[in-house]
Amino acid sequence: FNFNTNLALGLNANTHLSNIQQQTNNHNQTLNNSTNMNLINNNNNNSINSSINNSINNSITNSIINNNTKFSELLETTWLQLGSISEIMSDFDRSLIAYENVLKNNSINTKAITQIAFIYRSREEHSKAAEFLRRALDHEPQNGELWCALGHCYLMAGDPNNAFKAYQSAKNFSQNPKDPNLFFGLGILYERLNYADKAEEAFSTVIQVDPHFEKISEVCLRLAIIYKTSNRLEQSVELLLFVVKNPPPPYKPFDIWFLIGTVRELMKDPIGAKEAFENSLKENRTPAKVYQQLGWLHFQNLQLGDYAVSNLLKAVEAESNDALSWYLLGRCYMHQSKYQLAYEAYQQAVYLEPSNPYLWCSIGILYYKTAQFRDALDAYGKSLKTSVPICELWYNLGSLYETCNQISDAIDAYKKAYEIDPNEPNVKQRIETFKNYSGLDANSQEERKKELSKTPAILEPNSVFTSFYQHEKQNVNNITNLTTTTIINNNNANGNNNIISSMK
C-alpha cells in the first residue's frame, strides 16, 4: 500500500469534482443564453421551448447531482479507509489528515469524529479529545463507550465534576454494566476525590469481572496503596508481589520492590523490608532513596549504627541535594555521640531546607547535649515558627526550661506536648512529677526531681516520617500522576520521599 499514491488520488478526486461542478455551471450559463435567444426569436413557441429546456435542464442537473453525491461518498469512504490504514501503521499525523478530509465531505461522520478524539486522547491532548467526543455524542447520545471515554478525558484534564457526570451517563447507557474500563475510570476518579472506599470497590470490581484486563497491573497497584493506607498490610504486599512481575509503565520492578519494603517496615518486619530494599538495589540506577531507606531501617529497627551510616553516606554520595539523607545521617552520628559530624550533616540539611521543623528540633537537641542552651532555645523557636505540632519538640523545650530552673515554663511546655499526644508516657510522667510542685517544700521538690531520672531528658522526633506525612496530606488537594513518590507522599506512608524538601 502506497499512502502517497492514494493521497494523490484523493486530492485529484477533489480537483476532478471541482472541474465537474465548473462544467455544470458553464453548461447552465450556455443553456440559459440559448433559451433567452429562443425566447426573443420565437415568441410564439415560448411555452413549448420552456418546457423542453426545463426538461433538459432538470435531466442534466439531476445527473450531475447524482454524480456529485456518488463521488462525494466515494471520497468520504476513501479518506476513511486511508485514516484507518494509517492508524494501523501508527502514522497518526496522516490519520488526522485523512479523518479531517472525511469531515470536509461529511461533517457528521461519527466514525471520523470518534477516531480523531481517540488519537488526541492517545497523545494526552485531553481537552481536544473531549471536544470531538462531545461532537460525536451529539449524534450518538446513548453510546456508553463514548461517555466513558469522555469521562476519562475530563478526569485527566482535572475536571472531576464533569468526569463524574460523564461516567454516570456511561453507566446508564453502557451495554455492559460491568465494563472494566468504566470501573477503572471510576476508581481513579474516586481516588482523586479521596473516596477510598468507593475507589476500592471500583478497582475490586475490575479484578472480579476481568482478571486479564489490559491495565490489571495498574489496578492492583492502586488497590495495594489503598490497602496500605487502611493498614491491611498483608493484602497490600500480596498485590504488590503480583505487580512486581509486570509493573505498569513507567515503573520498573525496583520501584515496586521499594514500595514492598516500606510496607514490610509498617508490618514490623525489618528482615523482609531489608530483603525488599536489596532487591530494589539490584536494578535501580538511581539508588539514593533506597540507600536512604536502608540506612534508616538499619538505624531504627535493626540497631546497626555503622551499617546505617554506611548506607546513608552512599545516599548522599548518589544524591547530594537530598536534605533528608543529610538529616538522617546527622541523626545516626548523634546516636554515636559524634557531635561534630552530626553538626556538619545537619548544616548540609539546613542549607537545603532552612524551614523544616524536624530538622530544627534535632539541631536543638544537638545544642542541648553540648550544653549550648541559648542556641538550643533558638533552634526550638525556629521549629515552633512552622506551626507543625510536634510532641517531642514541646517535651524537649520543657526539659530545657527545667534545666534552666524555669519550672513554670517547663510545666506549660509539657502540657502542650500532652495536648498533641496524650499517649506519650514520658510526657505523662513529667506532668505527674510536677503536679502541685510549687506548693511543696524544698526537700519534697528535690525528691520529685529525682523521679525525672526515670524519663529521658530529650526525645528525638522518631515519628518524623509519619508525623510529616500527616501534615503534608492536609495540604494535598489532588493526585495528578501515579508515581512511586506521589503514591507514598499522598497516602501517609512511611516510605521513600524527601520529607524535608516536601515541606516547601
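A residue counts as buried when its relative accessible area is under 20%. The legends below concern a predicted model.

Figure 1. His-126 belongs to helix α5, which covers residues 126-139. Its relative accessible area is 11%, under the 20% limit, and His-126 is therefore buried. Once neighbours within four places in sequence are set aside, the residues in contact with His-126 are Arg-121, His-152, Cys-153, Met-156 and Ala-157.

**Figure 2. The protein as a whole.** The protein contains 25 helices and 0 strands. Of its 504 residues, 46% count as buried. Among contacts with a separation of 6 or more, 53% come from residues 24 or more positions apart.

**Figure 3. The buried face of helix α22.** Helix α22 is formed by residues 425-433, and Asn-426, Val-427, Arg-430 and Thr-433 in this helix are buried. Viewed down the axis of α22, these buried residues fall within an arc of 130°, and so they line one face of the helix.

**Figure 4. The packing of helices α20 and α22.** Two packed helices are described by the angle between their axes and the distance between the axes. Helix α20, residues 391-403, packs with α22 at an angle of about 35°, and the two axes are 11 Å apart. The two helices form a left-handed crossing. From α20, the contact involves Cys-391, Tyr-395, Ser-399 and Glu-402, while α22 contributes Asn-426, Val-427 and Arg-430. Sorted by class, the residues of this contact are 3 nonpolar, 2 polar and 2 charged. Three of the α22 residues named in the contact, Asn-426, Val-427 and Arg-430, are also listed as buried in that helix.

**Figure 5. Two cysteines, Cys-361 and Cys-404.** The structure holds 0 disulfides. Cys-361 has a relative accessibility of 0% and therefore counts as buried. Cys-404, with a relative accessibility of 37%, counts as partly exposed.

**Figure 6. The cis peptide bond between Pro-249 and Pro-250.** Most residues other than glycine have a negative phi, and most peptide bonds are trans. The bond that joins Pro-249 and Pro-250 is cis, with omega at about 10°. Pro-250 is situated in the loop between α11 (233-243) and α12 (253-266).

Figure 7. Asn-194 is not a glycine, yet its phi is positive, at about 65°. This residue, Asn-194, is placed in the loop between α8 (180-192) and α9 (196-209). With a relative accessible area of 52%, Asn-194 is exposed. Ala-371, likewise a residue other than glycine, has a positive phi near 60°. The loop that holds Ala-371 lies between α18 (357-369) and α19 (373-384).

**Figure 8. Asn-143 and Ser-174.** Asn-143 occupies the loop between α5 and α6, the latter helix covering residues 144-156. The relative accessible area of Asn-143 is 22%, and this residue is partly exposed. Along the chain, Asn-143 and Ser-174 are 31 residues apart, and their C-alpha atoms are separated by 7.0 Å.

**Figure 9. The surroundings of Thr-205.** Thr-205 is part of helix α9. Its relative accessibility is 10%, and Thr-205 therefore counts as buried. Thr-205 and Pro-180 are 25 residues apart in sequence, with a C-alpha to C-alpha distance of 7.6 Å. Not counting residues up to four places away in sequence, Thr-205 touches Lys-178 and Phe-183.

**Figure 10. Asp-159 and Leu-189.** Asp-159 is located in the loop between α6 and α7 (160-173). The relative accessible area of Asp-159 is 24%, and this residue is partly exposed. Between Asp-159 and Leu-189 there is a separation of 30 residues in sequence and 9.9 Å in space, taken from C-alpha to C-alpha.

Technical notes: Residues numbered from 1 in each chain as written. Predicted model: local features only at pLDDT ≥ 70, side-chain atom pairs only at ≥ 80, totals over all residues. Heavy atoms only, no water. Buried < 20%, exposed > 50% of the residue type's maximum accessible area, 1.4 Å probe, protein only. Helix = DSSP H or I, 4+ residues; strand = E, 2+ residues; numbered from the N terminus. Arc of directions from axis to C-beta. Axes fitted to C-alpha atoms, helices over the stretch in contact; angles between N-to-C directions. Left-handed = near helix turned anticlockwise from the far one by under 90°. Contact = heavy atoms within 4.5 Å. Nonpolar A, V, L, I, M, F, W, Y, C, P; charged D, E, K, R; others polar. Disulfide = S-S within 2.5 Å.
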